[in-house]
Amino acid sequence: MKIRLFLLLLSVALPLSATAGQSSLMLGLGAGSAAEYQGSDDSETTALPYINWEWQRDPDIGCGGGFGLHRAFAGVDGVGAAFWCADKAAFTVSAGYDAGRDSGDSDYLDGLPDVDGGVSAGLGFAYGDDDGFTFSIEAASVDSDLVATAEVGYPLLGFLDASVGVNYADKGRMQKYFGVIGNDSMNTAGAAMGECAVVATGNANYRGMDYCSDLGGGIYSWTVSLETFIPLPFQDGESWAVNIGIDHTTLIGDAADSPLVRDKSDTAFSIAVIWMHQF
């Protein structure tokens with residue numbers, strides 16, 4: 001679904017970028033390692049495509065000003081555009097796909113309902129100054145749930161992009177991903193009212209547990225990220241690069257206290273070889 005969204009926007013935007021503005025395309029392939037699910041103490045490694053396309057109406061002045069299509073972008077994480085800008089600030093719209101979660105992803109999820117995937121639609125605000133400081137906030141609706149992220153970033157040592165962010169989810173989202181009921185019969189009534197995600201009685205990880213979660217919405221995690229592009233020595237050192245990313249996420253509050261959570265912190269790694277081209 002993410003690739004389809006990317007190709008759809010690309011097919012619409014390439015004719016525009018051929019006649020006005022400037023666009024850049026980055027394609028690559030790599031690998032990433034992350035937790036099996038949020039809160040898991042086991043990780044998995046998968047192959048990852050790297051796709052990023054961006055178009056700017058006037059790269060010399062950046063965002064420009066006023067209402068109109070100033071910037072468009074697309075990648076495996078989704079698509080979006082900046083339609084209103086003022087100096088170094090911009091308001092954006094975006095769309096993506098949330099893959100959800102399968103109960104088969106881990107033994108600790110066995111018996112829990114699957115979390116259905118779905119298209120997300122979001123609104124955001126971004127700011128960036130000439131020194132590299134950035135601030136962004138985005139809120140999105142995913143399957144009738146509200147999620148949001150706020151992030152600040154700054155370049156370090158001339159080659160590292162560093163950022164710190166916090167993540168928010170409403171009650172429905174929290175319950176889907178961190179709600180669980182133990183096998184104690186006294187919690188059956190709570191589960192029937194939809195306050196808990198029911199665990200099958202055969203899951204030994206929760207046997208005898210007196211726990212019925214009724215989670216509220218709020219900030220449930222914070223993330224520190226580092227990313228760098230290292231130019232490769234061939235093709236003038238500009239057309240190819242290695243991209244390396246590290247994200248360290250820590251669960252807090254009700255999410256961290258869920259019996260589903262085996263490890264409150266997760267460090268995800270990714271590496272990819274990227275081909276870059278400007279039109």
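How many residues lie between strand 7 and strand 8 in the hairpin that they form, and which residue in the turn has a positive phi? Two residues lie between these strands, and Asp 143 in the turn has a positive phi of about 50°.

The model is a predicted one, in which local features need pLDDT of at least 70 and side-chain atom pairs count only at pLDDT 80 or more, while totals for chains, interfaces and linings use all residues. Residues are numbered from 1 along each chain as its sequence is written, and side-chain values use heavy atoms, with hydrogens and water left out.

## The chain as a whole

The protein chain contains four helices and 12 strands, where helices (H or I, at least four residues) and strands (E, at least two) are DSSP runs numbered from the N terminus. Of its 279 residues, 36% are buried; here buried stands for under 20% relative accessible area, exposed for over 50%, and partly exposed for what lies in between, with a 1.4 Å probe and protein chains only. The chain exposes about 14,800 Å², of which carbon and sulfur atoms supply 58%, and these accessible areas come from the Shrake-Rupley method with a 1.4 Å probe, only the protein chains shown counting as cover for residues. Among contacts (heavy atoms within 4.5 Å) between residues at least 6 apart in sequence, 53% join residues at least 24 apart.

Strand 6, residues 118-128, and strand 7, residues 134-142, pair in the antiparallel sense over nine bridges; two strands pair if DSSP finds at least two bridges between them. Within this pairing, Tyr 127 stands opposite Phe 135 in strand 7. The two strands form a hairpin with five residues between them, and Gly 132 in the turn has a positive phi of about 100°.

Strand 7 also pairs in the antiparallel sense, over nine bridges, with strand 8, which covers residues 145-156, and here Glu 138 stands opposite Thr 149 in strand 8. Asp 143, in the loop between strand 7 and strand 8, has its positive phi although it is not a glycine, and it is partly exposed, with a relative accessible area of 41%. Leu 157 is likewise not a glycine and has a positive phi of about 60°; Leu 157 is found in the loop between strand 8 and strand 9 (160-169), and at 72% relative accessibility it counts as exposed.

## Salt bridges

Side chains of opposite charge can pair when their charged atoms come close. A salt bridge is taken here as a side-chain nitrogen of Lys or Arg within 4 Å of a carboxyl oxygen of Asp or Glu, and by this rule the count comes to four. The table gives some of them.

| Salt bridge | Closest N and O atoms |
|---|---|
| Arg 173 and Asp 98 | 2.8 Å |
| Lys 176 and Asp 143 | 3.2 Å |
| Asp 145 and Lys 176 | 2.8 Å |

Lys 176 is partly exposed, with a relative accessible area of 29%. Asp 145 lies in strand 8, so its pair with Lys 176 in helix 2 ties together parts that are 31 residues apart in sequence, and Asp 145 counts as buried at 6% relative accessibility.

## Aromatic pairs

Rings of Phe, Tyr and Trp (its six-membered ring) pair if their centres lie within 6.5 Å, with planes under 30 degrees apart counted as stacked, over 60 as edge-to-face and the rest as tilted. By this rule the count comes to four aromatic pairs. One of them, Tyr 50 with Phe 229, is edge-to-face, at 6.4 Å centre to centre and 85° between the planes. Tyr 50 lies in strand 2 (residues 43-56) and Phe 229 in strand 10 (residues 218-231), so this pair ties together parts that are 179 residues apart in sequence. Tyr 50 is buried, with a relative accessible area of 18%, whereas Phe 229 is partly exposed at 30%.
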